[in-house]
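I opened this entry to look up the overall make-up first.

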Amino acid sequence: MTDTSTQRWRLKRPAVDATSASEIAQRHYGVLGAATELGSQQDRNFRITPDRGAGLLLKINHPTVTSDEVSFQAAITDHLRNARIHTPEILASTNGARSIDVTDADGQHTTARAFQLLDGQSLIDGHLVDGAVAEELGRLAGRTTSALASLEHPASERRIQWELRSSLSVVESLIEYLPAERRARCLAAARSASAEIDSLRDRLPLQVVHGDITADNVIRDNANTLWLVDMGDASQSWRVTEIAVLAADVLGRTESLALVSRAIRGFDCEASLTDDELRAIWPLVILRGAVLAVSGWSQLAIDPENTYARERLDHEWNVFEKSLASLSAEVYSQLRLAVGRSHHEGLEYSPVVEGQNRATILDLGVTSPLLDRGHWTEPDIELSLAREALRSAAVAVARYGETRLTRISLDVTRPAKTRARLVELWVRPGTPVRAPYSGAVRVEGDAIELTDSGVVIRIDGLVIIVDEFSRTTAGEVLGYTSAIAPGVGRLSISRRLVDAVADSVFAGPTDEYETDGAADPSVILGFDPVADPIAQLRAERTRRDKAIGGANERYYAEPPQFERGWGTLLIDTQGRAYLDMVNNVAAIGHSHPRLADRVHRQLHLLNTNSRFLYAAYADFTEKVLEVSPDPSLDTVIPVNSGSEAIDLAIRLAQVATGRKGIVAVREGYHGWTMAADSVSTSAFDNPDALVSRPDWVHLTDTPNPYRGRYRGAESGHSYAQDVRSLLERLDSEGQPPAAFICEPVLGNAGGVLPPDRYLAEVYEAVRARGGLTIADEVQVGYGRLGNAFWGSTLQGVVPDIIAVAKAAGNAFPVGLVLTRREIVDSLAREGMFFSSAGGAPASAVAGSAVLDVIREEGLQKNAEIVGRYLKSRIEGLASRHSLVGPVHGSGLYLGIELIRNHETLEPATAETRWICEHLLEFGIIMQATSERQNVLKVKPPMTLTHGEADVFVNALDRALCNVTSGT
């Protein structure tokens, strides 16, 4: 073998180091910054990161890349961007050029380009491990292929070693570089695969392809968008090579034919594959693996310092080895099923049972209406629903891929296996069961496995009549369904790959869903599987981020997608229940049937606004007055939210007093509407809060007896004296305030109780100067505190105005302002009030239902009893965990303050954040609060039980053990 025959495949990278790359970026693009080299076999790629401003990606081509090829790659970039395929923009140099000439350290002349630098990470850095990502990549490859179908360019016919039509030539030219013990196997496999392709060559469409869509060359940005990079391997080739390259990459990284199938399914959805293209995929994967293997070793021979090439040797040989583990004909059958076709061309499957094509879908998913009202928690609910379905249908089907609500574990610390890796057919006992296709029979107990061309389908639940190790034809009776209960039989139908061991027929929330052991039988049975919940989760996250924007707060870095709640539980789409320890909005628990039924009924009758006459409005307000903290508070105005309640309370105070100023407490949060935000001073919610208040807002210190200006139980008088001093100053300046506003329990601080007598003395001082007092009970009212229905009652005061929301509607848009009649009447002098949402009949009915449930189910008493128990258990953790400081609050509104130093009170902010994320792994929803974000806010639904309190404390104990050990 001569050097000439191998020269075009032996390309040493340009001799450019990081220092030279930085100089090129500064001289040609005006970007001064450090250069970090990124991996490449034959080019050089550098990330240039400046101290300020945007960075760039500098790509320095191998000297053999011609100007026409550079133009071709630029044309591809432009073409894809015009087709809305995300790929980085080519940046112009300081003189406006899209590429520049450079000379490397060896004196070789080449070209370089700069690209937009993306804020994200490649999928290889993010670990390609699941079917959802594989299918997402397949879709990207399919969209790219469809977009490039119309591109023509004179340089597209270039000969490069990665273009798979040249594969055998590359392998034969470079085989000598492979270790001797691998050469014969690699060469023989490449020649055999090439011969398979030769029989299809004339039937494979040609077009421009990217040629290297792999996990290395796809970046996921912070908005969850996929970006395709690196056009260096683009060329004219068979269209199918695009997905073959991706399939080889997925195979090498996951060793899973099931995940390869998911990638090909995604591609086919965007760029439908012909039967010939499907048949060509596996030989092309083998050739790709062989090329990767020989190219890696040859690259090291000419470029020993190429760390990127050295690190990829095992991966590239693994692609080749794994590709040989399956026969092309059997893989072809699997790939046909993956794209929704029968595993043989022209094959039509026979029904397994009569009536299968008219089966009733048994919806057992997280959002199923069949499982409302807590039915999903009932024993044998699947059997009950199936029996009901069989009253009117011959077959009921439970689908593959469904996350079954019926199987979710109520023990949040022990998630169950809930995602179905099978199809279940519920039929009457004695129903004949037939073979869907011809194949070899294997009997195992009450199950039959039927195998043909690598496709294995298993049917459990039979009284079998065929002989073991026989062959059966399509439509032949295999047996009859056995009874699992009177009048009900069930067939469990699964599929596995021929050489794989079958997995459990259900997958857990943390299990890999698509593996080599489980595959979807739905195509064979004629049913549509449900959408992959992992893919749906990622799509929903992207959809929300794009539609709502970054200012909308979201819990957790990797949030679960919740689509159902029940009592204190939140249920995610992956099949796990979580104990909700922060949702004071859902005071009476999630999805309370009484609330749902009454609102549902009202929506069938009428929903309008409070300017009309209807009974629900009066019913609600009368029930609020029944729990009023004092007879003087005799008038209720319904509103739609806490922010509107605060706005209205401020407006009432200003109108009633004829003044404008409001005295507010630092570190308080009252809402996001104009007036509510004006009196909000939480620096966490708004970092500029203290310097952006309007001049009519006057601030006083937070009465925090633990870490405030004054400390201890006797500090109330000192804090109140500060308010008196402020009132005296305002009087002397001729601007006495209209009102003083404060939470009677400091929710934003984490449930801190103001020191004794603070509110009493402040209220007295404010009223003495003609002002009014506003209690923000949006978070703490409605019985949550246990010992009192209202926070102001707990503090021994009666405000002039109370603002309420959250619990008032159990997350339905309803709140209220409770005050005296003369204060409300003063508003009539300026205009009439109404609320379109808060005053609507459905909102009024919701408000009434919440009050009824709190009273009739004894939820305030439950908050007192369980809250006392919970607080005692949490305080018990302090003896074992030095991070635990005081436990603030009352009832089921608590705050666990975490501190690093009990003398300096240094907040354990990072540890608190870590604990919140870690508790999610234990099935606990928990979030931080306070300006310092070092307080765990404990405000679960008021239905919390002693057992659930134990679950939370035990999980917190474990989390504290881990965080203190540095885990």
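I call a residue buried under 20% relative accessible area, exposed over 50%, and partly exposed in between (1.4 Å probe, protein chains only). By that cut-off, 59% of the 967 residues in the protein are buried. I am working with a predicted model, where local features need pLDDT of at least 70, side-chain atom pairs count only at pLDDT 80 or more, and totals for chains, interfaces and linings use all residues. Residues are numbered from 1 along each chain as its sequence is written, and side-chain values use heavy atoms, with hydrogens and water left out.

**Overall.** I looked up the secondary structure and found 27 helices and 41 strands. Both are DSSP runs numbered from the N terminus: helices are H or I with at least four residues, strands E with at least two. The C-alpha atoms fill a box of roughly 105 × 80 × 55 Å along the principal axes.

**Glu135.** I found Glu135 in helix 4 (residues 131-148). Is Glu135 buried or exposed? It counts as buried because its relative accessibility is 13%. I then checked contacts, meaning heavy atoms within 4.5 Å. Leaving out residues up to four places away in sequence, Glu135 touches Arg262, Ala263, Arg265 and Gly266.

**Helix 16.** This helix covers residues 593-605. I noted Leu595, Val599 and Gln602 as buried. On the face turned away from the buried side I found the exposed residues Arg601 and His604.

Key. Expected span 1.5 Å × (residues − 1).
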